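Have the structure open as you read.

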Amino acid sequence: MATAASTISLKPKASIATSISKPSLSFSSPRSIKLPSIHPHSTFKPLTSNARSVLVPRSTATPSSTTSTIATTFHGLCYVVGDNIDTDQIIPAEYLTLVPSNPAEYEKLGSYALIGLPASYETRFIEPGETKTKYSIVIGGDNFGCGSSREHAPVALGAAGVAAVVAESYARIFFRNSVATGEIYPLESEVRICEECKTGDVVTIELAEGRLINHTTGKEYILKPIGDAGPVIEAGGIFAYARKTGMIPS
């Protein structure tokens with residue numbers, strides 16, 4: 001994934017009922033992506049509303065700010081996966097009938113997160129009978145989130161209690177869906193952290209410093225900047241961000 005920032009723009013289709021005045025929404029992210037078409041009244045859980053104590057905000061963006069500095073820390077156990085984890089492994093197609101805007105179905109969707117992983121993953125991401133995972137950070141390899149373009153994939157991880165994913169690289173659609181829904185932070189590592197961390201290690205992610213600390217091994221790793229996608233995720237997704245910054249009516 002290129003580290004140079006590139007600018008993307010989201011311009012609503014004429015069929016969307018909500019009137020959006022100029023300027024159009026644009027932000028820079030570590031990759032060139034196009035945000036998905038999501039109805040402006042779709043409701044996804046803002047990441048900061050997660051009841052698990054894995055998110056520690058250090059600063060709050062002002063409502064009028066469009067370039068707020070993200071200074072957030074995530075701390076908890078990590079769950080490590082390999083390369084090419086596709087969206088069917090993250091959330092199998094049979095569970096796509098669940099509606100994330102329905103609180104009960106949102107929670108149920110989270111209970112199935114990463115249930116499609118092969119049997120070689122002996123440690124369960126979510127224990128039987130539980131709806132939340134004890135692993136608040138997922139560490140992956142190359143091409144995380146490949147496969148079909150289901151928005152349910154990052155939503156399921158967020159619903160399960162995941163705050164961030166750290167991978168070597170992402171499938172473009174998964175990355176943009178993570179930003180658009182505001183469910184998780186899709187962060188990239190400079191090296192293959194998935195080969196140096198183990199499931200159950202205690203880790204801390206410091207966005208402002210751009211690093212991941214593995215307290216179990218004592219090692220630190222550099223993370224690539226999330227860029228201007230950070231404030232969008234922090235706000236709870238693309239439409240929440242647009243409302244927060246006054247681009248569309250709240």
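A helix here means a DSSP run of H or I that is at least four residues long, and helices are numbered from the N terminus. Keep in mind that what you're looking at is a predicted model.

Start with helix H3, residues 152-160. Once H3 ends, Gly 161 comes next, with a positive phi near 110 degrees. H3 itself is mostly covered, with nine of its nine residues buried. Those buried residues pack against helix H1 (87-90), helix H2 (103-111), strand S6 (164-167) and H4.

Now for H4, which covers residues 172-181. H4 is mostly covered too, and here seven of the ten residues are buried. They are Phe 174, Phe 175, Asn 177, Ser 178, Val 179, Ala 180 and Thr 181. After H4 you'll find Gly 182, again with a positive phi, this one near 70 degrees.

| Helix | Residues buried | Next residue and its phi |
|---|---|---|
| H3 | nine of nine | Gly 161, near 110 degrees |
| H4 | seven of ten | Gly 182, near 70 degrees |

How do H3 and H4 pack, and at what angle? The angle is about 55 degrees, and the axes are 8 Å apart. That makes H3 oblique to H4. The crossing of H3 past H4 is right-handed. On the H3 side, Ala 153, Pro 154, Val 155 and Leu 157 make the contact, while H4 brings in Phe 174, Asn 177, Ser 178 and Thr 181. Sort those residues by type and you get five nonpolar, three polar and no charged.

Leaving aside neighbours within four places in sequence, Pro 154 touches Phe 174, Asn 177, Ser 178, Thr 181, Glu 183 and Ile 184. The C-alpha atoms of Pro 154 and Gly 182 are separated by 8.6 Å, although the two are 28 residues apart along the chain.

In soluble globular proteins, nonpolar side chains tend to be buried together. The largest nonpolar core in this model has 63 residues, and those with the most contacts inside it include Phe 125 and Leu 157. H3 supplies the largest share of this core, six residues. Beyond its neighbours within four places in sequence, Phe 125 is in contact with several residues, among them Tyr 79, Leu 114, Tyr 135, Leu 157 and Ala 160.

How values were computed:
Residues numbered from 1 in each chain as written. Predicted model: local features only at pLDDT ≥ 70, side-chain atom pairs only at ≥ 80, totals over all residues. Heavy atoms only, no water. Axes fitted to C-alpha atoms, helices over the stretch in contact; angles between N-to-C directions. Helix = DSSP H or I, 4+ residues; strand = E, 2+ residues; numbered from the N terminus. Parallel < 35°, antiparallel > 145°, perpendicular 65-115°, else oblique. Left-handed = near helix turned anticlockwise from the far one by under 90°. Contact = heavy atoms within 4.5 Å. Nonpolar A, V, L, I, M, F, W, Y, C, P; charged D, E, K, R; others polar. Core = buried A, V, L, I, M, F, W, Y, C linked by side-chain atoms within 4.5 Å. Buried < 20%, exposed > 50% of the residue type's maximum accessible area, 1.4 Å probe, protein only.
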